[in-house]
Amino acid sequence: MATSTTAPDADRREPRAGSPARGPARRPRGPRRSLLPYLLLAPAVVLELAIHVIPMVVGVWMSLLELTQFHIRDWSTAPFIGLENYRATLDLNSAAGKELLHSFWVTLAYSLLSVGFAWLLGISAAVVLQRPFRGRAILRALFLTPYALPVYAAVITWSFLLQRDTGLVNHVLVDQLGLMNERPFWLIGDNSFWSLLVVSVWRNWPFAFLCLMAGLQNVPGELYEAAAIDGAGFWRRLRSVTLPMLRPVNLVLLLVLFLWTFNDFNTPFVLFGGSAPEQADLISIHIYRSSFKTWDFGSGSAMSVALLLFLLVVSAVYLLITNRRRDDHA
Amino acid sequence: MRETAGERWGRRIVLTLLALFVVIPLYVMVTSAAKPLQDVQNGFTWWPSRPTLQPFVDMWSTVPLARYLVNSLVVSSIAAVCSVAVAIFAAFAVSRYRFRGRGVFTVTVLSTQMFPGILFLLPLFLIYVNLGNATGIELYASRTGLVITYLTFSLPFSIWMLVGYFDSIPRGLDEAAQVDGAGPLRTLFQVILPAAVPGVVAVTVYAFMTAWGEVLFASVMTDEGSRTLAVGLQGYSTQFNVYWNQIMAASLVVSIPVVVGFLALQRYFVAGLTAGAVK
């Protein structure tokens with residue numbers, strides 16, 4: 001995110017700071033002028049502090065306390081135990097540590113596959129809808145609908161589709177196509193992972209589509225004309241014009257999608273009705289369930305903080321690598 | 001540049017597959033909402049054996065859907081309006097002023113959007129409960145608590161998108177207003193906001209959608225009295241029956257307003273993304 005937000009700032013700063021017309025008009029308001037932006041920002045800053053920054057700091061503090069069910073009513077009585085929560089939850093030889101590690105691998109596989117497929121569908125749709133034709137506007141609206149639906153409405157519908165005895169999926173696979181003799185379960189067991197993945201792709205790919213569509217609008221048509229004159233076919237134009245031009249969008253889009261799916265709670269929570277089978281036990285659900293099942297908020301916070309640290313490291317490495325590669329090309 | 005036959009067929013195939021993938025669940029939602037109960041209790045059918053609007057009537061009494069709906073409407077509307085009001089001032093500051101901490105503010109606010117929700121959930125839960133016990137301010141299990149929480153969820157993206165919109169409004173307009181003696185706030189309300197109406201509307205809809213669809217905090221921070229649709233809609237499965245037809249009817253009803261709003265304004269979301277992300 002950092003690169004995308006600071007880069008436009010830098011562009012904007014120059015003409016404005018140097019604009020001679022503005023300076024004199026504003027100067028008489030000396031002291032007010034310097035305070036005003038902070039007053040304007042104050043509500044946003046207070047809210048961000050209250051709901052995001054302070055809870056985060058409190059969360060780190062909680063992860064250092066023995067904040068179990070005995071102390072949850074009055075957390076001032078919870079004893080300070082240092083890194084004990086981290087040691088207990090991240091100890092890969094313990095049962096809790098093994099479950100967390102399992103959940104981590106499931107989440108990683110889920111995020112990578114979900115982002116990959118969402119991007120693939122998004123780019124396909126954006127490219128084939130690039131040139132105008134009859135019905136394009138309708139298709140575009142249709143493709144955006146899964147993203148516009150409230151997540152619970154979308155996921156509940158999918159859980160109906162995936163019911164073993166009354167769902168569409170088994171009706172088509174077993175009754176109409178006869179591909180299987182047994183009606184498989186989709187929401188428990190090994191299949192639950194793939195169900196979760198399909199639902200997540202269905203819901204997320206329109207966001208990729210939206211961003212890539214916005215990105216394609218900035219690709220000058222002359223580039224395609226020039227490529228076509230040079231005899232470039234469809235795949236060549238895609239590889240040499242479209243994808244390089246979309247690089248800045250892709251950099252941000254892939255990271256954002258990855259972070260969202262890695263933190264995904266809604267899809268498994270609604271799809272599996274509050275609990276997830278072990279094969280689809282995403283990390284957010286895992287922390288949520290272990291925190292509220294045992295009311296051990298101390299170790300829940302420790303796992304959340306570890307999750308945040310992991311994502312910060314991944315984001316930092318990602319931004320570092322992509323930035324370096326950009327410098328190499330320049 | 002002409003399209004080859006191969007490209008045309010490729011396009012048709014890709015579009016057909018994508019359209020089917022998207023449409024099938026939507027089709028099931030709409031048709032199942034018009035099915036009698038026995039249709040959804042036995043094997044799946046593509047079409048209702050006897051189309052009926054009864055699920056749309058029954059869904060209000062199986063669960064207290066009206067209460068959930070009112071809660072969601074109240075919480076989402078207030079959160080959206082407050083969020084946009086706060087975002088307008090913040091975006092005005094970021095777009096029109098140079099000040100110390102501007103870059104830090106933008107990056108910090110946007111990065112909170114990427115953090116795991118579960119990280120805020122446990123501390124916020126404890127803070128709300130303990131604040132209630134200590135001072136009597138009811139934030140846990142109240143609509144106020146939800147409003148405050150939700151309005152911060154949409155704030156980062158709202159600010160970001162509005163900064164893009166405000167930046168696209170020529171500064172010459174500001175200066176003309178100032179020459180006429182308008183102060184900064186009058187400039188904001190009489191010059192910038194009227195020119196940014198589509199952006200403000202789009203951001204309001206986005207903030208409303210964010211609150212309308214939130215599940216994680218709703219599942220923990222509400223009780224029976226303050227429950228929103230996000231949690232309430234899961235109440236249609238009883239011990240004896242799962243009223244899939246009513247669930248689909250209720251899902252349809254709660255989806256239509258946000259889907260219509262989003263699709264009507266999609267142009268402005270694309271414009272906002274283009275202005276912000278691509279640069």
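Chain B has 13 helices and zero strands, where helices (H or I, at least four residues) and strands (E, at least two) are DSSP runs numbered from the N terminus. Read from that end, the elements of chain B go α-α-α-α-α-α-α-α-α-α-α-α-α. This is a predicted model, in which local features need pLDDT of at least 70 and side-chain atom pairs count only at pLDDT 80 or more, while totals for chains, interfaces and linings use all residues. As for labels, residues are numbered from 1 along each chain as its sequence is written, and chains are lettered from A and ligands numbered from 1 in the order in which they are written.

Taken along the principal axes, the C-alpha atoms of chain B fill a box of roughly 70 × 70 × 35 Å. Of the 279 residues in chain B, 50% are buried. Here a residue is buried if 20 or more other C-beta atoms lie within 10 Å of its own, exposed if 12 or fewer, and partly exposed in between, with C-beta atoms placed from the backbone. Contacts are counted when the C-beta atoms of two residues, again placed from the backbone, lie within 7 Å. Among the contacts in chain B with a separation of 6 or more, 75% are between residues 24 or more positions apart.

Chain A, for its part, has 14 helices and zero strands. Its elements run α-α-α-α-α-α-α-α-α-α-α-α-α-α from the N terminus on. Chain A holds 330 residues, and buried ones make up 38% of them. When contacts in chain A between residues at least 6 apart in sequence are considered, 66% join residues at least 24 apart.

The two chains meet through 84 residues from chain B and 91 residues from chain A. Helix α13 (residues 244-277) of chain B gives the largest share of the chain B side, 16 residues. Sorted by class, that side of chain B has 58 nonpolar, 19 polar and seven charged residues. In this sorting, Ala, Val, Leu, Ile, Met, Phe, Trp, Tyr, Cys and Pro count as nonpolar, Asp, Glu, Lys and Arg as charged, and the others, Gly among them, as polar.

Next come the helix pairs. Two packed helices are described by the angle between their axes and the distance between the axes. One pair joins the chains: the axes of α5(A) and helix α1 (residues 5-32) of chain B come within 10 Å and cross at roughly 130°. Axes are lines fitted to C-alpha atoms, for helices over the stretch in contact, and angles run from 0 to 180 degrees between N-to-C directions. α5(A) and α1(B) are therefore oblique to each other; angles under 35 degrees count as roughly parallel, over 145 as roughly antiparallel, 65 to 115 as roughly perpendicular and the rest as oblique. The crossing of α5(A) and α1(B) is left-handed, meaning that the near helix is turned anticlockwise from the far one by less than a right angle (right-handed if clockwise). On the α5(A) side are A:L121, A:S124, A:A125 and A:V128, which meet B:R11, B:V14, B:L15 and B:L18 in α1(B). This contact of α5(A) with α1(B) has six nonpolar, one polar and one charged residues.

Within chain A, the axes of α6(A) and helix α9 (residues 191-216) come within 7 Å and cross at roughly 125°. That angle makes α6(A) oblique to α9(A), and the crossing of α6(A) and α9(A) is left-handed. From α6(A), A:F143, A:L144, A:P146 and A:Y147 make the contact, together with A:W202, A:R203, A:P206, A:F207, A:F209 and A:L210 of α9(A). The residues of this contact of α6(A) with α9(A) split into nine nonpolar, no polar and one charged.

Two loop arginines of chain A are worth a look. A:R134 sits in the loop between α5 (95-128) and α6 (136-148), and it counts as exposed, with 6 C-beta neighbours inside 10 Å. A:R164 lies in the loop between α7 (151-161) and α8 (168-176); with 15 other C-beta atoms within 10 Å, A:R164 is partly exposed. Leaving aside neighbours within four places in sequence, A:R164 is in contact with A:N170, A:R183, A:F185 and A:W186.
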